[in-house]
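Let's take a walk through this one together. Have the sequence and the 3D view open, and follow along loop by loop until we get to the ligand.

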Amino acid sequence: KAAPVITLDGPGGAGKGTISQIIAGKLGWHLLDSGALYRLTALGAERKGVAFDDEAALAEVARNLDIAFLPGAENEPVSVMLDGEEVSKAIRTEATGNNASIVAALTPVRDALLQRQRDFRQSPGVVGDGRDMGTVVFTDAPLKIYLTASADERARRRVKQLQEKGIDAKFQAILSEIQTRDERDMNRDVAPLKPADDAITLDTTDMSIPEVVAQIIDLAKARA
Ligand code: C5P
């Protein structure tokens with residue numbers, strides 16, 4: 001029997017990353033940060049000088065990604081490696097996020113990353129964080145969550161998160177980047193961002209992180 005999956009999809013800044021990490025930690029499950037794969041593809045392409053409209057070359061970059069997710073020290077996020085180099089911070093910039101959403105709109109790139117994502121489904125379970133975890137990658141997941149929040153609130157959270165990482169961020173600029181990226185993610189032809197038919201939508205605008213975590217853990221227990 002396939003290992004259980006909790007999918008967390010939603011727009012940028014809804015808190016998926018933080019919440020997925022906490023839930024995976026609490027359950028002792030694996031974590032798939034699928035956005036990191038698209039960010040790594042974008043960064044890898046940039047570093048190799050591949051044009052962002054060269055589909056075949058971008059898919060080649062995605063297929064051949066030499067990456068590793070190394071566990072961080074206690075309470076530290078994982079270290080993300082690309083070609084043996086630590087890129088945890090480099091992949092988190094807004095520019096790379098934007099480039100990620102450009103390469104993510106290409107079918108050959110998504111196809112190249114599909115199996116790599118499914119390989120994360122291992123015992124005792126996996127928490128999948130992304131845009132199409134419930135609609136494409138793990139369609140049979142027993143628990144699908146769609147996390148959202150108002151654009152203003154998501155921009156506020158993103159600014160705070162970036163500042164904590166020592167990355168300079170301005171609210172208006174982040175808000176408009178978030179809106180551009182959501183628009184692209186929701187309106188693309190392939191794997192558009194939307195709740196799966198069987199997803200539970202949680203609007204986290206007025207919820208704290210512990211509240212969201214508790215609610216998802218309760219749902220997971222009810223379905224175990
Ligand atoms: O979640 P994160 O901000 O890291 O994702 C970066 C971009 O990667 C998203 O804006 C989206 O275009 C793309 N993505 C995707 N499918 C996923 C995860 C991320 O298309 N499962």
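This is a predicted model: local features need pLDDT of at least 70, side-chain atom pairs count only at pLDDT 80 or more; totals for chains, interfaces and linings use all residues.

Start at Gln122, which sits in the loop between helix H5 (107-118) and strand E6 (126-130); helices here are DSSP runs of H or I with at least four residues, strands are runs of E with at least two, and both are numbered from the N terminus. Gln122 is partly exposed, with a relative accessible area of 42% (buried means under 20%, exposed over 50%, partly exposed in between, with a 1.4 Å probe and protein chains only).

Residues are numbered from 1 along each chain as its sequence is written, and side-chain values use heavy atoms, with hydrogens and water left out. The protein chain averages a pLDDT of 94, and 99% of the residues score at least 70; pLDDT is the predictor's confidence in each residue, from 0 to 100. The model scores ipTM 0.98 and pTM 0.93.

Back to the loop between H5 and E6, which also holds Pro124. A cis peptide bond links Ser123 to Pro124, with omega at about 5 degrees. Most peptide bonds are trans, and most residues other than glycine have a negative phi. On the phi side, look at Asp83, which is not a glycine but has a positive phi of about 50 degrees. Asp83 sits in the loop between strand E4 (79-82) and strand E5 (85-86), and at 46% relative accessibility it is partly exposed. Ala191, also not a glycine, has a positive phi of about 45 degrees. You'll find Ala191 in the loop between H8 and strand E8 (200-203), and its 12% relative accessibility makes it buried.

How many aromatic pairs does a search of the whole structure find? The search turns up one: Phe69 and Phe120, edge-to-face, at 6.2 Å centre to centre and 75 degrees between the planes. Rings of Phe, Tyr and Trp (its six-membered ring) pair if their centres lie within 6.5 Å, with planes under 30 degrees apart counted as stacked, over 60 as edge-to-face and the rest as tilted. Phe69 lies in strand E3 (residues 67-70) and Phe120 in the loop between H5 and E6, so the pair ties together parts that are 51 residues apart in sequence.

Now for the ligand. It is surrounded by 16 residues, and the closest are Arg39, Arg110, Asp132, Arg181 and Asp185 (a residue is near if one of its heavy atoms lies within 4 Å). H2 gives the largest share of this shell, four residues. Arg131 is buried, at 16% relative accessibility.
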